[in-house]
Amino acid sequence: MEQLRDEYAENSCDVIVVGAGAAGMMAAATAARNGKRVLLLEKMEKSGRKVRITGKGRCNVTNARPPEEFASQVRTNADFFAPAFAEFNNRATIRFFERRGVKLDIERGERVFPHSGKAWDIANALLDYCVENGVKILYNTQVTGVLTLAGHVFGVRYRNKRGFERKVEAPQVIVATGGLSYPATGSTGDGYRFAADLGHTIEAVRPSLTPLVSSHNQMKYLRCLLLRNVRATLWVDNEPVREEFGEVGFSERGIEGAVALRVSRDAVDALIDGRRVKLVLDLKPALTEEMLLNRIDRELAEMAPTEFFAELLRKLVPRPLVMPLAEELDIHSKNYVSKLTDAEKRRLVKTLKGLTFPIVDYAPFEYAVVTAGGVRCDEVNPHTMESLKLPGLYFAGEVLDLDANTGGYNLQIAFSTGHLAGMLKR
């Protein structure tokens, strides 16, 4: 069977797509639907490995925000992405999956998920779309390079499951190998190497939407804590650079949750540049300092004089934060509330409105949702996804220097650029 598959690969291709992720499957099926004979090469044992685990296994497919709001969430090269989004936007993505029998729900923040809560439904729908349109797929097949002749693409080299080197010829190759995030799913940066070997410039790659590592001495006691409805401000060299509202979580990986992930891009870049970074959390964003002080006084008035300081904190913050906060304030948790001084109350207010975490590092690619950086977009035609340096070479998905905030935007980038690349416009 392997020999037959190799013979097919070597003799019957119009288009080769490298990488069977979200962008690659969309590109392959689109090209096949338009009458091309398509070969999809995937080095892992199955397609859509990253899709199947995204969104903690639920898969945030896209975001239903209006186009102008959607564009504001693309952090890098939004203008480059605009033609691909116009060709296949978030509404088109929703229609695509629902027409394929995947019922979708729109949740808080306009995030779109499969009704089943199963990312597998999305991955399988993409795979079925490929199969139904006649895409031929080879798994356990490691592409090792893109072949060129007289300034034009003419195929790829690959290593098959048995370890034998082969080549397959085709006049058009779409590179959709992903980035470096979640490398266990097969995203190991192959596409960057292919592009660089072919003369493309690679913008420095680094983790994005990744947990932030803090040197705060209470971090080990905060694991599994989830704070809701907080305001987070990222400071770089004592200047506020980004503010977000929502959830912040703590784990053995660091500070995460939607808010921390959204500010992580700026934090990572600042840390790489050697700048000082801190994350300041306002745990009571709906209250001014004076309003919060009044609330504390009201709580104290209703408490017995012999109740402990920890009981006051429990009325103000989640239980897992009580002891770390007492340590932060240097007030013993078993001090009587009747002994609380005005200065200590003021210090409590300041801390609740500005709990500060020095950021000293970031989690590696293994924990990053996406990769920032990649193939420079000014070396790719935004209306076709074709290389401006090598005719017949196309790019799609995370391999490009395109990334966005968390919330379904990055998968939409994969679907939009994959669809446009698969159109094979010239």
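**Overall layout**

Author: The chain has 13 helices and 19 strands as its secondary structure. Keep in mind that this is a predicted model.

Reader: What size of box do the C-alpha atoms fill?

Author: Roughly 85 × 45 × 40 Å, taken along the principal axes.

Reader: And what share of the residues counts as buried?

Author: Of 426 residues, 54% count as buried. As for contacts between residues at least 6 apart in sequence, 72% of them join residues at least 24 apart.

Reader: Sheets next. In what order do E7, E8 and E9 sit?

Author: The order is E7-E8-E9, in an open sheet of 3 strands with antiparallel pairing. E7 and E9 are the edge strands, each pairing on one side only. On average, neighbouring strands of this sheet are turned by 25 degrees against each other, direction ignored.

Reader: How many bridges join E7 to E8?

Author: There are 7 bridges between E7, residues 142-149, and E8, residues 152-159. In that pairing, valine 143 has tyrosine 158 of E8 as its bridge partner, and threonine 148 stands opposite valine 153 in E8.

Reader: Which residue takes a positive phi in the hairpin of E7 and E8?

Author: Alanine 150, with phi near 55 degrees; the hairpin has 2 residues between the strands.

Reader: What holds strands of a sheet together, in general?

Author: Strands of a sheet pair through backbone hydrogen bonds, either parallel or antiparallel.

Reader: Moving past E9, where is proline 171 found?

Author: Proline 171 is in the loop between E9 and strand E10, which covers 172-175.

Reader: Which residues is proline 171 in contact with, neighbours within four places in sequence aside?

Author: Cys13, Asp14, His152, Val153 and Gly392. Of these, Val153 is the residue that threonine 148 stands opposite in E8.

Reader: How many Å apart are proline 171 and glutamate 299?

Author: They are 74 Å apart in space, C-alpha to C-alpha, and 128 residues apart in sequence.

Reader: Back to strands. What is the order in the sheet with E3, E4 and E5?

Author: E3-E5-E4, an open sheet with antiparallel pairing. Its edge strands are E3 (62-63) and E4 (104-107), and each pairs on one side only.

Reader: How many bridges join E4 to E5?

Author: E4 and E5, the latter being residues 111-114, are joined by 4 bridges and run antiparallel. Isoleucine 106 has valine 112 in E5 as its bridge partner. The hairpin of E4 and E5 has 3 residues between the strands, with glycine 109 at a positive phi near 80 degrees.

Reader: Now helices. At what angle do H9 and H12 pack?

Author: About 125 degrees, with the axes of H9 (residues 289-301) and H12 (residues 342-353) 10 Å apart. H9 and H12 are therefore oblique to each other. The crossing of H9 past H12 is right-handed.

Reader: Which residues make the contact of H9 and H12?

Author: From H9, Glu289, Glu290, Leu292, Leu293, Ile296, Asp297 and Leu300; from H12, Lys345, Arg346, Leu348, Val349, Lys350, Leu352 and Lys353. By type, the contact of H9 with H12 has 7 nonpolar residues, no polar ones and 7 charged.

Reader: At what angle do H11 and H12 pack?

Author: H11, residues 319-329, packs against H12 at about 120 degrees, with the axes 10 Å apart. That angle makes H11 oblique to H12. The crossing of H11 and H12 is right-handed.

Reader: Which residues of H11 and H12 make that contact?

Author: Leu325, Glu328 and Leu329 of H11 meet Arg347, Leu348, Thr351 and Leu352 of H12. The contact of H11 with H12 comes to 4 nonpolar residues, 1 polar and 2 charged. Leu348 and Leu352 of H12 are also among the residues in the contact with H9.

Note on methods: Residues are numbered from 1 along each chain as its sequence is written. This is a predicted model: local features need pLDDT of at least 70, side-chain atom pairs count only at pLDDT 80 or more; totals for chains, interfaces and linings use all residues. Side-chain values use heavy atoms; hydrogens and water are left out. Two strands pair if DSSP finds at least two bridges between them. Axes are lines fitted to C-alpha atoms, for helices over the stretch in contact, and angles run from 0 to 180 degrees between N-to-C directions. Angles under 35 degrees count as roughly parallel, over 145 as roughly antiparallel, 65 to 115 as roughly perpendicular and the rest as oblique. A crossing is left-handed if the near helix is turned anticlockwise from the far one by less than a right angle, and right-handed if clockwise. Contact means heavy atoms within 4.5 Å. Ala, Val, Leu, Ile, Met, Phe, Trp, Tyr, Cys and Pro count as nonpolar, Asp, Glu, Lys and Arg as charged, and the others, Gly among them, as polar. Buried means under 20% relative accessible area, exposed over 50%, partly exposed in between (1.4 Å probe, protein chains only).
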